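This report covers a chain interface, a helix pair and a strand pair. The sequence and structure come first.

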Amino acid sequence: MNKFTQFASHMVAIIADNVDTDQIIPARFLKTISKEGLGDQLFYDWRYDAEGKPKADFILNHPLAKQAQILLTGNNFGCGSSREHAPWALTQYGFRAVVAPSFADIFKQNALKNSLLPIEVSRPTHELLLQMHLENPMLRVRIDLEKQRLILPTGQGIKFPIDEFARRCLLDGVDDIGYVLGQEAAIAAYEARRELAVNTLG
Amino acid sequence: MSIPRTIIEKIWDAHVVSQQEGAPALLYIDLQLVHEVTSPQAFDGLRARGLKVRRPDLTFGTVDHSTPTTPRSLPILDPVAAAQVARLESNCTEFGIPFFGFHSPDQGVVHVIGPEQGLTQPGMTVVCGDSHTATHGAFGALAFGIGTSEVEMVLATQCLLQRPSRSFKVEVSGALKPGVSAKDIILALIARIGVSGGTGSVFEFRGAAIGALSMEERMTVCNMAIEGGARAGLVAPDDTTYQYLAGRPFAPKGAEWDRALARWNALPTGDGAVYDREVSMDAGELEPMITFGTNPGMGIPVSGVVPDPAGVADAAERGALVKALSYMGLAPGQPLAGQPIDVVFIGSCTNGRMADMRAAAGVLQGRKVSPKVRVLVVPGSQQVKRQAEAEGLDRIFREAGAEWREPGCSMCIAMNGDQLAPGQYSVSTSNRNFEGRQGKGGRTFLASPLTAAASAVMGAVADVRTLA
């Protein structure tokens, strides 16, 4: 994993609440056994018509959306299934952060495992960001993970919450499996005192 | 005296391996179920790191999502799906994980076979790369869906890094009236609290109406916890739980059973334990529920009318409702009963068990499904299929004009070729009515098996209580 420090980008806005993972990547694309090639399938049914042609009225097909690394969206983003294909598709498309008033639990976990920052902002901040974006779609916002701040062009910094452990992992560019593997002694000790529940091997 | 704890806290406390400063708790996982869709990349990760599966004896695999529901004598025609199914089987073989393959006589939907085999037991932590893992909470287990990175973590370490969830008591008092079922309890709850009402929480379902439910019905309720935003939902174990479990292949036997029972009996929430949130409902006031929109929170009594966006104060909510009604092709104020439909789907991890098959067959016995409607009945597992056939339910379905198919997730997620055509309407016993969930452009009304069967007969959304 690359170290996540800070970046700046303009935003793309999909303003809807409860954007579910079936919209982010429809289930029929989950038959793959790979993590790759999912960026083209991001928001597929909103993005392409029945013939597979880009729909002109969907924001990701707009020239201004190209190269945007921040997705601004509504409440409870990523609700529905546990498919990690959702953050895989978002990051492969080029997103590095999703900014919303709230996220679904599993999506938030999955995003953090893939260096996609789920940034929760208050309602007023969300409205401010949207208004600024609508006035100037190329408005650049800086996201500084070290300082845990979303920084507006005015210099105003807005602190966002993030799990401290996940933040450390992202800043250091390490995933958490190594950390857990390092706790072998504790795991073995737990297993030694654990009462047998089930043995799937019969 | 110690502070009384909820069952959620008791299970959590019993599974904390370690808790380091500044890090989430390391939580031990008693059982991981794996299926073909969310596991291949996790196994690739293990290989890339040179890791083994730490506890294959706490892991079990099956195939369900991508598998066709046509006769098993036929090959899997979709080469991408066939490769995914083959990969689950080869991964399980390589890593020594027991599994039910495509041709196993015990194959089925992962959340149907776990309980059926007695793998799911009270007090356990259960995970699966599938958001409907909450189903297993019906046994008093802390069961939740995880992503593929976490699947890999559990395969490698049998542990997960977790922060505790808030506890959310859902008290359901009273008794269900005829024609109203477990599905209606959970649809009514989600309609009330919304699809993010339980975010960050674990539901504990309790009260007289929950105690009166069978294990299969409790599974239906817990199954849709995620649709209310909660990662998990559970019901404390009781005699109903123990009677269901006793004698199942992986359930404890003899002296082990007695020891397990002593542990299980200590699980229920202590008197005076404090929940972070509470909601209560009277089951006696519920009607059969049905959804009209594009998330499971958009539900109304089947005798109700489609809400009018003009009456919604919040602009975002109003916009969402307008968009949903446009997608669904419905008008504000129109009754849902009588709305013509094209397909009925009876099955899924929500409603693919024997109780559901019996409920649907009870309505269809001696009746015919409307000639305008295609009806798919998909048992949740090979065991459910065999049992239903032993009871003659397959004949009832076929004689009524319904299709009796092989087990799998089928039209709940529409990955396997069972799907709606654009614009078609279904009444479905599954769990999600998101845009395109049952096929691109398809429109889903979520309901109980009773409502689905009644609608199949009428060729339109119908109230089972008024079926002639």
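Which residue in β7(B) is the bridge partner of T125(B)? The bridge partner is L142(B).

## Basis

The model is predicted: local features need pLDDT of at least 70, side-chain atom pairs count only at pLDDT 80 or more, and totals for chains, interfaces and linings use all residues. Residues are numbered from 1 along each chain as its sequence is written, while chains are lettered from A and ligands numbered from 1 in the order in which they are written.

## Strands β6 and β7 of chain B

Strand β6 (residues 125-128) of chain B runs parallel to β7(B), and 4 bridges join them; strands pair if DSSP finds at least two bridges between them. In β7 (residues 142-145) of chain B, L142(B) and F144(B) on one side and A143(B) and G145(B) on the other are all buried (20 or more other C-beta atoms within 10 Å of the residue's own, with C-beta atoms placed from the backbone).

## Helices α13 and α16 of chain B

Helices α13 (residues 354-364) and α16 (residues 449-458) of chain B pack at about 30°, with axes 8 Å apart. The pair is therefore roughly parallel (angles under 35 degrees).

Residues of α13(B), D356(B), A359(B), A360(B), V363(B) and L364(B), meet P449(B), L450(B), A452(B), A453(B) and A454(B) of α16(B). This contact has 9 nonpolar, no polar and 1 charged residues.

## Interface of chains A and B

In chain A, 47 residues are in contact with 64 residues of chain B (C-beta atoms, placed from the backbone, within 7 Å). Elements of chain A that each supply at least two residues to this side include α4 (105-112) and α8 (184-193).

Note on methods: Contact = placed C-beta atoms within 7 Å. Axes fitted to C-alpha atoms, helices over the stretch in contact; angles between N-to-C directions. Parallel < 35°, antiparallel > 145°, perpendicular 65-115°, else oblique. Nonpolar A, V, L, I, M, F, W, Y, C, P; charged D, E, K, R; others polar. Buried ≥ 20, exposed ≤ 12 C-beta atoms within 10 Å, placed from the backbone.
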